[in-house]
Amino acid sequence: MIQPADYLDRPFLSVTDLTVAFPTQDGLVRAVDGVSLSLEKGKTLAIVGESGSGKSVTAQAIMGLINRKAAKITGEIWIGGQELIAMPEPDVQALRGDEMAMIFQDPMSSLHPFYRIGDQIVEAIKAHRGIGTKLARRETLEMLRHVGIPAVERRIDAYPHQLSGGMRQRVMIAMALINSPDLLIADEPTTALDVTVQAQIMELIQSLQAEFGTTVILITHDLGIVADVADDVAVMYGGRIVELGPTRVIYDNPEMPYTLGLLSSIPRMDRDPDKRLDPIRGNPPSPIKLPKGCVFQPRCNYFERVPGGRCFTDRPELLESEPEHSVRCHLPHEERQQIANDVLHALTGGPTPL
Amino acid sequence: MTATTSSTSTNGSDILDVSDLRTYFPVKSRGIIPRTVGQVKAVDGIDLTLDAGETLGLVGESGSGKTTAARTILMLVRPTDGKIQIEGQEITHLSPKELVRVRRKAQMIFQDPYNALNPRHTVGGIISAPFKVQGVEPKGGVRNAVLELMERVGLNPEHYNRYPNEFSGGQRQRIGIARAIALRPKLIVCDEPVSALDVSIQAQILNLLGDLQREFGVAYLFVAHDLAVVRQISHRVAVMYLGKIMETASREVIYSAPLHPYTHSLLSAVPIPDPKRQQHRRTRIVLHGDLPSPIDPPSGCVFRTRCFQAQEKCAVEVPPLREISPGHKIACHFPIEAKDLPARVEVEDVVAVEEGQAPAAVTSSNDGPASRPSS
């Protein structure tokens, strides 16, 4: 058991053995199964995965957004010395919007359509701090200007539908940051946006992070936007972390066949477009019916190399492959490195000038 | 085959020839008796051509009019003006009944595979619909043809009697593709066919579309906002902005030697999934703000309000789409080569223009967006 005094040398955010299970007609569905991760203050962690990988549920569990009556949540989530899973619901609510905040993929469904954007942000300030409307409004103006909303004096009284998608995303970022949270979780913040706007929003998040020292968890399916933003990357599949490491290692020396598959699936600007894409075959697994052994085995190209058919029978553990780099795979370390080398070389053919 | 005008027979695009296509939507005033107070020029005079077995990528941001253009080309939306010829046949004046016959040659694949399939019809029913609508009786019967199609697009033929809700997004898109290729059309308009899919599935579908093209020689008009996806599948690319084509050329030219400032901006915004390469990119162009409203587009060049090359001339004169080398057309007064681009370009907001100021292009070395001057 972890003693309360341990938090002094604990990283800012630490999640241990987080499991979120929903009871359904088909039995208990583990959307997240034994996720452990930690993050130092001011750093950025990217959680990458396809639909059904459990990345969003992990984020919602950290934010305390999962209805405790509807799901069974076990494990520990420590943020700055406080454990959240055992914490009473009202206390979590007090933290949310204050010490931790979240931005979502679709700003339209997260902003209230009937209220002016300024009033919504003012309310977020007043809910957590005992300051007057006038002061809160002045702070709101400043924050809206800060996130790059033009003509703020006019826009502060706009309704969400009067703004474009990029502007709405900025409003949501302003609202998330208004109480200077220590932790910001961004769930697919740019998926619904155009490339040019996506680049604006990612730059905005980065510069605000540098300014306020915010710790950021970025949830995404896009390995592209993660590359120059994240310090660490966690790749999730079937409710589990399958590979975890510093960003550079994940791109240069990925060892999990799933990560390799993701990298070779994306059409990229730095590869020969006349070469066929090399996608992962099949479909992501349904959390209702996960394979018995390795969750990725049915789509893996390399399970035959593991002796004794262990991929069919044993769930691999997430084990340290090198310092700071963990992989969930039965293949031996050297063989994984060899495979990665071959695949990555075939992918981009070594360095190409851009 | 009858060519309606003499000019079309001179250029050799055998599958699709779109000239000066315009699609305007009326803007109505509020009140009991709505009056038309303006127009949204969703598509404002575009020319496109497509040869057999070729893929033309049509890229642009949301609001650029690319989807409206795609729908208009198949007459799902009536054009305001312009000509659309499919295999030499002018289709803008055809009656709905006559259009049914055209759809045998030209089909569409939609973005959202959840809404494009009737949930009450079985997969077999959905894929056999084209045969029934067109009154085509394939050799060996419709059912066999459908089973063959299912197999060809990677669906299990045993699922003939299942309903769309039993399939994942990628499989539904395969159903849509099977339906589109059922009658071996000459042209398929693909409207963002992979943008709603997971990355691993996206690659499978792109490969499938490529294989089908090589097999049947079908031409694709491929509408997408993802430049990396378009690069993977297209032979030629047209870049759209606010209803107009800004630049069009072969894939090689668009991606390695573009000249339009807008194309440069789009390309520099595409992330590369490799931290080292991403950090060593030569140019980063940051466009602030969004597309101007198509109800009231900027005078002159529509892109000038977000353009780092904009000068006085751009506000006065509409740049024509001119051919600067064979197959490479560009609508810009001040084209620029990639090697002449500065390391970082910041373009000030549209609002500056909205409020009566000249477009200001700020060129600086390392300004974060948060520290730029507020308007």
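Where is B:Glu192 found in chain B? B:Glu192 sits in the loop between β7 and α7 (199-216) of chain B. In this predicted model, its phi is positive, about 45°, although B:Glu192 is not a glycine. Most residues other than glycine have a negative phi. B:Glu192 is partly exposed, because 19 other C-beta atoms lie within 10 Å and a buried residue needs 20 or more.

Chain A holds a like case. A:Ser180 has a phi near 40°, again a positive value in a residue other than glycine, and lies in the loop between α7 (165-177) and β7 (183-187) of chain A. A:Ser180 is exposed, with 11 other C-beta atoms within 10 Å.

**The sheet of chain B**

Eight strands of chain B make up an open sheet with mixed pairing, in the order β6-β7-β8-β3-β9-β10-β13-β12. At the edges stand β6 (106-109) and β12 (322-325) of chain B; each has a single partner strand, so one side of each lacks a neighbour in the sheet. On average, neighbouring strands are turned by 20° against each other, direction ignored. The partner of β12(B) is β13 (residues 328-330) of chain B, and the two pair in the antiparallel sense over three bridges. Across this pairing, B:Arg322 stands opposite B:Ile330 in β13(B).

| Helix of chain B | Strands of chain B touched | Angle between directions |
|---|---|---|
| α2 (residues 66-73) | β3 (55-59), β7 (187-191), β8 (219-224), β9 (236-241) | about 150° with β8(B) |
| α10 (residues 261-269) | β9, β10 (244-250) | about 100° with β9(B) |

**The nonpolar core**

The largest nonpolar core has 202 residues, and B:Leu187 and B:Leu221 have the most contacts inside it. Apart from neighbours within four places in sequence, B:Leu187 is in contact with residues including B:Ile15, B:Leu16, B:Leu50, B:Ile86, B:Val218 and B:Leu221. B:Lys105 is also one of the residues in contact with B:Leu187.

**The contact between the chains**

Between the two chains, 47 residues of chain A are in contact with 46 residues of chain B. On the side of chain A that touches chain B, α5 (133-146), α8 (195-212), α9 (223-226), α10 (247-252) and α11 (257-265) of chain A each supply at least two residues. The largest share, eleven residues, comes from α8(A). By type, the residues of this side of chain A divide into 22 nonpolar, 15 polar and ten charged.

**Domains of chain A**

The domain assignment of chain A gives domain 1 (107-180) and domain 2 (249-348). The centres of domain 1 and domain 2 of chain A, taken over C-alpha atoms, are separated by 43 Å.

How values were computed. Residues numbered from 1 in each chain as written. Chains lettered and ligands numbered in written order. Predicted model: local features only at pLDDT ≥ 70, side-chain atom pairs only at ≥ 80, totals over all residues. Contact = placed C-beta atoms within 7 Å. Helix = DSSP H or I, 4+ residues; strand = E, 2+ residues; numbered from the N terminus. Nonpolar A, V, L, I, M, F, W, Y, C, P; charged D, E, K, R; others polar. Domains from an automatic or database assignment. Pairing = 2+ DSSP bridges. Axes fitted to C-alpha atoms, helices over the stretch in contact; angles between N-to-C directions. Core = buried A, V, L, I, M, F, W, Y, C linked by C-beta atoms within 7 Å. Buried ≥ 20, exposed ≤ 12 C-beta atoms within 10 Å, placed from the backbone.
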